[in-house]
Amino acid sequence: MRRAEFDRFSITYERDLAKAIAVTGDGRAFYAQRRIDWTAQCIAKQGLEVRRILDYGCGDGTTLPILVSKFKTDDVLGVDASNASIALARKSIVTEKTSFLTTDEWIPDGSRDLVYVNGVFHHIPPVERKESLLAIRRALKQDGFFAFWENNPWNPGTRYVMSQCAFDKDAITISPREAREMLSQAGFKILSFDSIFYFPHQLRLLRPAERWLRGIPLGGQYQLLCRT
């Protein structure tokens, strides 16, 4: 992952993201909660309990408390390549159930029930993506879950938001088709595909319809839920 890039943006990340997504009418917290709610619903259908979670590419750590609350976990670990982001997370997110490590400090140990990743892999150079995926596999228990969320380049709204985002300047997007191939080649079994965030805040009354649009790969973001 591009450590120096996110060391530079660690302090301004919140502001830069808010500026980029302002056009949608919703803030960062809305999208984070919606993604995690969606992931939790998908995993609940599998009938298994999630107790230990890894947030890979956690940035400033604001997603960890949401994961703790939604899954009622024993432990959520946040890992990121940016030393500055991890330092910020350790100062601002202090709970008994959360902890943070840089990727240099982290050793995948096969203890995690779920690895959650959002919008991280478009910042990882393509030649390094397989290595990151294999590290995630090593972090998971046998039959552990991998919730892979990415920005959808097939959605024009997503392309516009990313073009306005300072830290997405050098991002290399991953289409749903490319993501399927990449995850399969890394040895993950794909359980389901879901595409959401079709409607901005102004059209929020239409959002219940997303349950019928989830299989169409045109939403603002998509999730591939996998198992080892």
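In which sense do strand S1 and strand S4 pair? Strand S1 (residues 52-56) and strand S4 (residues 112-118) are paired in the parallel sense, over three bridges; two strands pair if DSSP finds at least two bridges between them. Opposite Asp55 stands Tyr116 in S4. The model is a predicted one, in which local features need pLDDT of at least 70 and side-chain atom pairs count only at pLDDT 80 or more, while totals for chains, interfaces and linings use all residues. Residues are numbered from 1 along each chain as its sequence is written, and side-chain values use heavy atoms, with hydrogens and water left out.

The open sheet consists of seven strands in the order S3-S2-S1-S4-S5-S7-S6, with mixed pairing. Strands are DSSP runs (E, at least two residues), as helices are (H or I, at least four), numbered from the N terminus. Because strand S3 (98-102) and strand S6 (189-196) stand at the edges with a single partner strand each, one side of each lacks a neighbour in the sheet.

Helix H3 (residues 28-44) has 17 residues, which at 1.5 Å a residue should span 24 Å; this agrees with its end C-alpha atoms, 24 Å apart. The expected span is 1.5 Å times one less than the number of residues. Buried residues of H3 include Tyr31, Ile36 and Trp38, where buried means under 20% relative accessible area, exposed over 50%, and partly exposed in between (1.4 Å probe, protein chains only).

Trp154 lies in the loop between strand S5 (140-151) and helix H7 (156-163). Trp154 counts as partly exposed because its relative accessibility is 31%.
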